[in-house]
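Hello,

Here is the structure for you to look over. My notes follow below it.

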Amino acid sequence: MPEGLLAALALPGLFWLLGAVFVAGTVYGFAGFGAALVFLPVAVAVVPPEIAIGAFSLSALVSLATVVPRAWPLVEKPALGQLLLAAMLGFPAGIWALRTWEEAAIRWTVSGVVLVTLAALLAGWRMRSAPRAGARLGVGLATGLVGGATGLTGPVVILFNLGAGAAAAVTRANTLVFLTLSSLLLLPQLWLQGLLPPAALWLGLLLVVPYALGNRVGQALFDPAAEAVYARTAHAIIAASALAGLPVWS
């Protein structure tokens, strides 16, 4: 058995990571967002941020097979392309921050971004007019900066999509597909800056199965008629995860 796999299996907090990624996958499957918000605050309390971000980005690619195919027909393709292009431009600067900041600062940032996002969602923030190309490019760039530094590609685009006023199913599809494809685009940029070590790859492979199972469970639970119930559940899980990841518990 490869040495890297043995090290991943021997990780003291592996049980918590497997549980967290299953819950994250479930939240993602029914809400279309929230996986990184759930997983990363817990993960950075167990492993270094660059390991957590790389491993999660790899495991998240399984969504290409589990939930993206059903969501794809509802996606607004031109808007998706603009967001992804701008996010790619923002990733390098964000990853540089990940590479140079102290670990405690990353953990505070992860939990802080999660809690601020949650507060905005609970406050019911909405945009007053339909977004244009310039707004999408700005949101994509901000998403790349935040996502590269913290692994949280979701917060900015979640607020943007929820505030755009589209139907719930379309909002879910737009967000879900963007977050999955942004994970795919983030991985090579992490590798180019030396932040995708073998330990992250092996851990990511271990997380694939529970994440995929969570995706399936969440997708089966999704029902637009009961969306408010699922949203409240996701918000509660996200808040608990952010609080658990605070450095004060170390």
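Helices (H or I, at least four residues) and strands (E, at least two) are DSSP runs, numbered from the N terminus. The model is predicted: local features need pLDDT of at least 70, side-chain atom pairs count only at pLDDT 80 or more, and totals for chains, interfaces and linings use all residues. Residues are numbered from 1 along each chain as its sequence is written, and side-chain values use heavy atoms, without hydrogens and water.

The fold first. The protein chain reads α-α-α-α-α-α-α-α-α-α-α-α-α along the sequence. That is 13 helices and zero strands. Of its 250 residues, 52% count as buried (under 20% relative accessible area, 1.4 Å probe, protein chains only).

Now the aromatic rings. Rings of Phe, Tyr and Trp (its six-membered ring) pair if their centres lie within 6.5 Å; planes under 30 degrees apart count as stacked, over 60 as edge-to-face and the rest as tilted. By this rule there are four aromatic pairs. Phenylalanine 39 and phenylalanine 56 are stacked, because their ring centres are 5.5 Å apart and their planes are at 20 degrees. Phenylalanine 39 sits in helix H3 (residues 35-43) and phenylalanine 56 in helix H4 (residues 49-59), so the pair ties together parts 17 residues apart in sequence. Both phenylalanine 39 and phenylalanine 56 are buried.

Phenylalanine 56 also pairs with tyrosine 211: centres 5.9 Å apart, planes at 90 degrees, so edge-to-face. Tyrosine 211 is in helix H12 (residues 198-221), so this pair with phenylalanine 56 of helix H4 ties together parts 155 residues apart in sequence. Tyrosine 211 is buried, at 1% relative accessibility. Ring pairs link Tyr28, Phe39, Phe56 and Tyr211 into a cluster.

Best wishes

How values were computed. Buried means under 20% relative accessible area, exposed over 50%, partly exposed in between (1.4 Å probe, protein chains only).
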